[in-house]
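Please look through the structure shown here before reading the points that follow. The briefing moves from the whole chain to single residues.

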Amino acid sequence: MGTNGSTMLEPLRQGLPPLDPAAVSNAASCALPPRYEAVREARRFTRRTLDGWDTGDRFDDVCLVVSELVTNALRHALPADTPRHDERHGPVRLHLMRWTERLVCAVRDPSHDSPVARETDDFSAESGRGLFLVDSFSDSWGWHPLAGTLNGKVVWALFRI
């Protein structure tokens with residue numbers, strides 16, 4: 001939990017917004033199992049982490065975005081044959097990082113497919129509005145394929161705090 005942010009961020013760094021990794025004041029991450037309950041676990045982890053960092057005032061926005069990013073990763077980024085009960089190493093990982101006035105949540109998944117915001121006028125449609133919500137509730141977001149030996153990509157969202 002209290003690991004040095006910059007070492008943990010090394011594989012993510014290229015994909016993250018241009019913030020100085022050495023200036024990370026807090027970083028936390030958790031592996032998420034390939035099951036839909038992982039969304040609830042991600043929310044709980046986010047609440048505990050933000051409370052600990054005293055940034056709970058943005059909790060609702062951050063939590064909504066975390067939920068969408070994790071849901072997208074579980075729904076679209078896992079191969080269909082991923083065992084849904086493999087607890088040991090979650091294929092999806094949530095990272096939360098805090099700078100003085102910025103908070104970044106990043107979700108890593110094993111797929112190289114770019115996240116696509118579906119053009120939809122039907123706002124009751126569950127699927128496809130996730131990235132619209134991410135865009136609406138965060139201050140900026142983006143994604144990046146992972147470099148080096150890690151497969152997959154990182155989708156991140158940034159919040160001003």
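A residue counts as buried when its relative accessible area is under 20%. In this predicted model, 47% of the 161 residues of the chain count as buried. The points below begin with the overall fold and then turn to the strands, the nonpolar cores and a few individual residues.

**Overall fold**
- The chain contains four helices and five strands, and these elements follow one another along the sequence in the pattern α-β-α-α-β-β-α-β-β.

**Strands β1 and β2**
- Strand β1, which covers residues 26–32, is largely enclosed by the rest of the structure because five of its seven residues are buried.
- Strand β1 pairs in the antiparallel sense with strand β2, residues 92–98, and the pairing runs over seven bridges.
- One of the residues involved is L32, whose bridge partner in β2 is V92.

- In soluble globular proteins, nonpolar side chains tend to be buried together.
- In this model the largest nonpolar core has 30 residues, and those with the most contacts inside it are L32, V66, L69, V70, L94 and C105.
- Several elements give two or more residues to this core, among them the helices α2 (37–53), α3 (59–76) and α4 (130–137), and also the strands β1, β2, β3 (102–109) and β5 (153–160).
- The largest share of this core comes from α3, which supplies nine residues.
- When residues up to four places away in sequence are not counted, V70 touches L32, A38, V39, A42 and V107.

**Residue S67**
- S67 lies in helix α3, and this serine counts as buried because its relative accessibility is 8%, below the cut-off of 20%.
- Leaving aside neighbours within four places in sequence, S67 is in contact with V39 and R43.
- S67 and G130 are 63 residues apart along the chain, and their C-alpha atoms are separated by 9.0 Å.

**Aromatic rings**
- The charged end of R47 sits over the ring of F59, at 3.7 Å from the centre of that ring.
- How many aromatic pairs are there? The count comes to zero.

Technical notes:
Residues numbered from 1 in each chain as written. Predicted model: local features only at pLDDT ≥ 70, side-chain atom pairs only at ≥ 80, totals over all residues. Heavy atoms only, no water. Buried < 20%, exposed > 50% of the residue type's maximum accessible area, 1.4 Å probe, protein only. Phe/Tyr/Trp six-rings, centres within 6.5 Å; stacked < 30°, edge-to-face > 60°. Lys NZ or Arg CZ within 6 Å of the ring centre and 35° of its normal. Pairing = 2+ DSSP bridges. Core = buried A, V, L, I, M, F, W, Y, C linked by side-chain atoms within 4.5 Å. Contact = heavy atoms within 4.5 Å.
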